[in-house]
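Let us walk through a protein model together, one piece at a time. Have a look at the structure first, and then read on.

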Amino acid sequence: MPWIKTRSGGARWEEPDALTVTLSLPARALSPNARTHWAVKAKAVQAYRGEAKLLARVAISEAGLDVPPGWGDEIMVRATFWFRVNRRRDRDNAQASLKSALDGIAEALGVDDSRFVMAPATLLVDADNPRVEVALSRL
């Protein structure tokens with residue numbers, strides 16, 4: 001039974017072996033190129049990791065699962081960024097800014113994040129609802 005995501009964020013199952021977690025866009029302090037005070041970055045990391053962990057737990061709970069079913073050693077992770085405006089962005093930096101979110105999702109799943117295999121990020125535009133959709137599936 002697929003779970004419908006809300007416009008304000010949340011998570012949903014797309015198919016039996018895939019989980020999608022919808023997050024807010026990462027804070028600027030989480031960018032690898034950001035030059036912020038260490039305490040500002042630490043606060044942003046903690047907040048984003050907590051958001052990702054909570055929303056991943058909601059997705060798992062709504063699907064009635066304890067752990068990803070039948071997933072092997074590696075888990076494919078696809079990140080789709082939906083930005084408010086259309087401009088050039090660095091795909092690698094966008095993907096790297098998800099590090100704390102991926103840590104939170106891994107913790108919610110009860111797996112080591114070294115099992116994640118990252119697909120290249122997709123950058124799109126949605127002026128009304130900027131977000132990041134992190135889709136996980138078995139490889």
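## A tour of the model

Val111 counts as buried because its relative accessibility is 16%; buried means under 20% relative accessible area, exposed means over 50%, and partly exposed lies in between (1.4 Å probe, protein chains only). This is a predicted model, in which local features need pLDDT of at least 70 and side-chain atom pairs count only at pLDDT 80 or more, while totals for chains, interfaces and linings use all residues. Residues are numbered from 1 along each chain as its sequence is written, and side-chain values use heavy atoms, with hydrogens and water left out.

Where does Val111 sit? Its place is in the loop between α3 and β4 (116–118). Helices (H or I, at least four residues) and strands (E, at least two) are DSSP runs, numbered from the N terminus. Leaving aside residues up to four places away in sequence, Val111 touches Ile75, Ala106 and Phe116, where contact means heavy atoms within 4.5 Å. Val111 and Asp73 are 38 residues apart in sequence, and their C-alpha atoms are 9.8 Å apart in space.

### The overall plan

The chain has three helices and six strands, and along the sequence they follow the pattern β-β-α-β-α-α-β-β-β. Of its 139 residues, 40% are buried. Among contacts with a separation of 6 or more, 78% are between residues 24 or more positions apart.

How confident is the predictor? The chain averages a pLDDT of 86, and 81% of the residues score at least 70; pLDDT is the predictor's confidence in each residue, from 0 to 100. Confidence is lowest in strand β1 (residues 10–15), with a mean of 49, and highest in strand β5 (residues 122–125), at 96. Over residues 1–8 pLDDT stays under 50, and the model has 15 contacts beyond four places in sequence for them.

Helix α3 is mostly covered, with nine of its eleven residues buried. Among those buried residues are Leu102, Ile105 and Leu109. After α3 comes Gly110, whose phi is positive, near 75°.

Next comes the largest nonpolar core, which has 31 residues; Leu98, Ile105, Phe116, Val134 and Leu136 touch the most other members. A nonpolar core is a set of buried Ala, Val, Leu, Ile, Met, Phe, Trp, Tyr and Cys residues joined through side-chain atoms within 4.5 Å. At least two residues of this core come from each of β2 (18–23), α1 (38–63), β3, α3 and β6 (131–138). The helix α1 gives the most, with seven residues.

### Charged pairs

Side chains of opposite charge can pair when their charged atoms come close. A salt bridge is a side-chain nitrogen of Lys or Arg within 4 Å of a carboxyl oxygen of Asp or Glu, and by this rule the count comes to six salt bridges. Three of them are set out here.

| Salt bridge | Closest N and O atoms |
|---|---|
| Asp103 and Lys99 | 2.9 Å |
| Arg131 and Asp126 | 2.7 Å |
| Glu133 and Arg131 | 3.0 Å |

Asp103 and Lys99 are four residues apart in helix α3 (residues 99–109), so about one helical turn separates them. Asp103 is buried at 17% relative accessibility, whereas Lys99 is partly exposed at 47%. In the other two pairs, Arg131 is buried at 10%, Asp126 is buried at 17% and Glu133 is buried at 11%. Salt bridges that share partners also join Arg49, Lys53 and Glu107 into one network.

Which residues does Thr80 touch? Not counting residues up to four places away in sequence, Thr80 touches Thr122, Leu124, Arg131, Val132 and Glu133. Thr80 lies in strand β3 (residues 75–83) and is buried, with 18% relative accessibility.

### An open space

The largest pocket has a volume of about 550 Å³. Among the 18 residues that line this pocket, Pro26, Arg28, Ser31, Phe83 and Arg89 are the closest to its centre. The elements β3 and α2 (91–96) each give two or more residues to the lining. On a 1 Å grid over the protein atoms alone, a pocket is an open set of points where a 1.4 Å probe fits, with protein on both sides within 12 Å along at least five of seven lines; lining residues have an atom within 4 Å of a point. Grid points are joined across faces, edges and corners, and the volume is the space filled by probe spheres set on the points.
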